[in-house]
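Q: Please take a close look at one part of this structure, the sheet. I would like the strands placed in the chain and a few residues described in detail.

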Amino acid sequence: IDFLKLGNLGTFVLNKQTPNRQLWLSSPVSQFLDHYSSCSGSSRFDWDKSSRAWVYRHTKTNLLWLLESEVEQLCGEPISLS
């Protein structure tokens with residue numbers, strides 16, 4: 001489990017789900033609510049071989065793009081995770 005703590009702005013939690021070959025993200029911003037899961041507040045990202053990126057299966061949202069945009073929204077500064 002990895003954490004990105006932004007003080008009183010919130011904490012992002014990234015959890016590797018090895019058996020499912022997924023990354024799960026819990027975010028203080030999007031609360032993406034995976035309607036196909038009992039884990040509200042977390043999003044499940046699958047590895048997409050063609051784009052070589054972790055993507056949210058239902059919307060094709062790229063995990064790095066989502067993290068960059070949400071951290072920027074919280075902090076007011078652009079960031080790059082790539």
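A: What follows goes from the whole chain to the sheet and then to single residues.

This is a predicted model, in which local features need pLDDT of at least 70 and side-chain atom pairs count only at pLDDT 80 or more, while totals for chains, interfaces and linings use all residues. Residues are numbered from 1 along each chain as its sequence is written, and side-chain values use heavy atoms, with hydrogens and water left out.

Read from the N terminus, the elements run β-β-β-β-β-β-α. Of the 82 residues in the protein chain, 32% are buried, where buried means under 20% relative accessible area, exposed over 50%, and partly exposed in between (1.4 Å probe, protein chains only). The chain exposes about 5600 Å², with 52% of that supplied by carbon and sulfur atoms; accessible areas come from the Shrake-Rupley method with a 1.4 Å probe, and for residues only the protein chains shown count as cover.

The six strands form an open sheet in the order β1-β2-β3-β4-β5-β6, with antiparallel pairing. Two strands pair if DSSP finds at least two bridges between them. At the edges are β1 (2-5) and β6 (61-62), each of which pairs on one side only. Strand β4 (residues 42-48) and strand β5 (residues 53-56) run antiparallel and are joined by four bridges. D46 has V55 as its bridge partner in β5.

Q22 lies in strand β3 (residues 22-26). Its relative accessible area is 6%, so Q22 counts as buried. The side chain of Q22 makes a polar contact of 2.9 Å with that of W24. A polar contact is a pair of N or O atoms within 3.5 Å; within protein, one must be able to donate a hydrogen and the other to accept it, and residues adjacent in sequence count only if both atoms are side-chain atoms. Leaving aside residues up to four places away in sequence, Q22 touches N15, K16, Q17, R44, F45, D46, W54 and R57, contact meaning heavy atoms within 4.5 Å.

S43 is in strand β4. S43 is buried because its relative accessibility is 1%. Its C-alpha atom is separated by 6.5 Å from that of S26, 17 residues apart along the chain.

Notes: Helices (H or I, at least four residues) and strands (E, at least two) are DSSP runs, numbered from the N terminus.
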